[in-house]
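Please look through the sequence and the model shown below before reading on. The notes that follow take up a few topics in turn.

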Amino acid sequence: MKRALSFIFLLAVGFVFAQDDLLKEIDTAKTAEPYTPSFKALQVVTAQSTKMPSKKEFYLDISHRFGDVSDGFKNFFGLDNATTKLGVIYGLNDWLALSASRHTYQKTYEFGAKYRLFKQEKESPFDIVGYNVLDINSELKKDDFPKLEFSDRMAYLSQLLISRRFTENLTLQLTPTYIHKNLIYQDIESKNLFSTGLGGRYKISKRVSINAEYFYNFDNKNFYKNPLSVGMDIDTGGHVFQLVFSNSQANTETGYISNATGDWGKGHFFFGFNLYRVF
């Protein structure tokens, strides 16, 4: 009888502890914080951020960069020499998005793939996203390049976007980058360009943040500058509007990083905006 009572007592104790462990798991599941993207917009300023479109989300992307502000009234403070990008982005699922765009800069057609590798959750301290781009320069003419082939029009970009949301207000991102161009001006460009970008955002209100980014180009031949940009995110609910100030006028991924011509120290920079509309 004693043995039977001891067995029942141990069984009851085991059941209580097991039930307690189960309740803890249920409580943890209920209180687990939902995933929050590190960035509000798909771009930090001009470069890509780790934010991904959700499954079946369709974005219309309109970007505009005016000319050099330092030209003054002669070119109406840059309005006469603007470049424009019109693009679309579609989330195939929560981890993969495809994009296509047309740029007035070099009449470029751009195709991209953005894919999430890790989320900033318990298993990873960072958001990590891969990004690959193919650019086709349709402006090149055989009159200028008699031996021009279609492959000469192409440029490629590969990036790893690594961000961390440190607080509710502060996010930083590291962006190692590789660019390859099939056709270059050898005196001023490098066929292969390695670059590292550092950017981030600081939220100053519920719907507004200040953003900045800088890329250091390791293979720069000193003709083009390292791109430095600052901007502001404004969330209007239906879309995110970004104001941009940069020493690089191009909207293409390869052009923005490798072909910056402005000099902040001399007041040469470009004003513009990015506008995303979600459907």
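**A briefing on the model**

Asp235 has a relative accessibility of 12% and therefore counts as buried, where buried means under 20% relative accessible area, exposed over 50% and partly exposed in between, with a 1.4 Å probe and protein chains only. This is a predicted model, in which local features need pLDDT of at least 70 and side-chain atom pairs count only at pLDDT 80 or more, while totals for chains, interfaces and linings use all residues. Residues are numbered from 1 along each chain as its sequence is written, and side-chain values use heavy atoms, with hydrogens and water left out.

**Salt bridges**

- The structure holds 6 salt bridges, a salt bridge being a side-chain nitrogen of Lys or Arg within 4 Å of a carboxyl oxygen of Asp or Glu.
- One of them joins the side chains of Lys40 and Asp235, at 3.2 Å from N to O.
- Lys40 lies in the loop between helix 1 (2-31) and strand 1 (58-68) and Asp235 in strand 10, so this pair ties together parts that are 195 residues apart in sequence; helices (H or I, at least four residues) and strands (E, at least two) are DSSP runs, numbered from the N terminus.
- Lys40 is partly exposed, at 40% relative accessibility, and a network of salt bridges links Lys40, Arg207 and Asp235.
- Lys85 and Asp61 form another salt bridge, with their closest N and O atoms 2.9 Å apart.
- Lys85 in strand 2 (residues 83-91) and Asp61 in strand 1 are 24 residues apart, and the pair links distant parts of the chain; both Lys85 and Asp61 are buried.

**Barrel**

- In the order 1-2-3-4-5-6-7-8-9-10-11-12, 12 strands close into a barrel with antiparallel pairing, two strands being paired if DSSP finds at least two bridges between them.
- Strand 7 (residues 170-181) and strand 8 (residues 192-203) run antiparallel and are joined by 11 bridges, with Gln173 opposite Gly199 in strand 8.
- Strand 8 and strand 9 also run antiparallel, joined by 9 bridges, and a hairpin of 4 residues connects them.

**Nonpolar surface patch**

- Phe194, Tyr214, Tyr216, Phe218, Leu228, Val230, Phe245 and Trp264 form a nonpolar patch on the surface, with about 720 Å² of accessible area together (Shrake-Rupley method, 1.4 Å probe; for residues, only the protein chains shown count as cover).
- Patches are made of residues with over 30% relative accessible area and no salt bridge, like charges being joined within 9 Å and nonpolar side chains (Val, Leu, Ile, Met, Phe, Trp, Tyr) within 5 Å.
- Strand 9 (208-217) and strand 10 (228-235) each supply at least two residues of this patch.
- Tyr214 belongs to strand 9 and is partly exposed, with a relative accessible area of 35%.
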